[in-house]
Amino acid sequence: MGSEPIIVLASGSQRRRDIIGALDVSVEIVPSGIEERSPGLTERPEEYVASIAADKADAVSANGHSGTLVIGADTSVVLDERIFGKPENDIEARVMLTALRGRSHRVVTGVTAMHNDTSASSVTSSEVTVREYSDGEMEAYIESGEPFDKAGGYAIQDEWFAPVSAISGCYLNVVGFPLCEVIRLLSDVGVDVRLKPQWRPPERCPTDCPVRVVSEATFS
């Protein structure tokens, strides 16, 4: 493998960095640096995350990476069609976590892949049910600082707080980067990638998930 990256990830998210590391390719991390706008009054959640993902990819592509494959992604939590982004303070985190407690919501992630003059985009949606955590658990979680870089104020993979009781759909989408869709979009823009031989899908990935099926068939 050469030293030059074949993929640039337009994200500062550690979770996306970890997930894209499953691909057997060279990756460079370049945060987009854009100021994410608020959703429009009549803008659907799927339209919003798709737009922000494209904006991130556009910004990095225009900033010296126009000849490289660039991936942008954006995730939102949606409750009753209300879009929850990342809480900016304790009050916002408390409002979000209180609203989500004991209820089901959607997590939507938009992904855009750009390569030269070609681009491909998609939006993945998963249904998530949050458990009935106590006020004390919620306050301790907020005090830990964990909610503030996460859409909806929580991380499904958090082992201590463990906010999610059930999920339907793509688990990695809820983490923030639906790997199966990323692989498909890369193919759509002319780049075929493989998973690293040592990588295994998380236990909560659905049994019929394309990356789980490919991983187990190829590397078991």
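1. A word to start with: two residues are in contact when their heavy atoms lie within 4.5 Å. Please also keep in mind that this is a predicted model.

2. Let's begin with lysine 56, which sits in helix α2, residues 45-62. Leaving aside residues up to four places away in sequence, lysine 56 touches Ala10, Arg16, Ser32, Ile34, Glu36, Gly72, Ala73 and Asp74. Is lysine 56 buried or exposed? Its relative accessible area is 6%, and buried means under 20%, so lysine 56 counts as buried.

3. Now have a look at the largest pocket, which holds about 910 Å³ of space. It is lined by 40 residues, and those closest to its centre are Glu36, Thr75, Gly85, Lys86 and Ala151.

4. Strand β3 gives the most, with four residues. By type, the lining of the largest pocket divides into 16 nonpolar, 12 polar and 12 charged residues.

5. Next, the packing inside. In soluble globular proteins, nonpolar side chains tend to be buried together. Here the largest nonpolar core has 51 residues, and Leu23, Ile71, Tyr154 and Leu186 have the most contacts inside it. A second, separate core consists of seven residues, including Val8, Ala10, Ala57 and Val60.

6. What does leucine 186 touch, not counting residues up to four places away in sequence? The list is Ile7, Leu23, Leu69, Ile71, Ala113, Val191 and Val193.

7. Leucine 186 belongs to helix α6 (residues 179-188), where Leu179, Cys180, Glu181, Val182, Leu185 and Leu186 are buried. As background for reading that list, an α-helix has 3.6 residues a turn, so residues three or four places apart point the same way. Just after α6, glycine 190 takes a positive phi of about 95 degrees.

8. Finally, follow the chain on to proline 202, in the loop between α6 and α7 (210-219). With a relative accessibility of 25%, proline 202 counts as partly exposed. Proline 202 and leucine 172 are 30 residues apart along the chain, yet their C-alpha atoms are separated by 8.3 Å.

Terms used. Residues numbered from 1 in each chain as written. Predicted model: local features only at pLDDT ≥ 70, side-chain atom pairs only at ≥ 80, totals over all residues. Heavy atoms only, no water. Helix = DSSP H or I, 4+ residues; strand = E, 2+ residues; numbered from the N terminus. Buried < 20%, exposed > 50% of the residue type's maximum accessible area, 1.4 Å probe, protein only. 1 Å grid on protein atoms, 1.4 Å probe; cavity = no way out; pocket = protein on both sides within 12 Å on 5 of 7 lines; lining within 4 Å. Points joined across faces, edges and corners; volume = space filled by probe spheres on them. Nonpolar A, V, L, I, M, F, W, Y, C, P; charged D, E, K, R; others polar. Core = buried A, V, L, I, M, F, W, Y, C linked by side-chain atoms within 4.5 Å.
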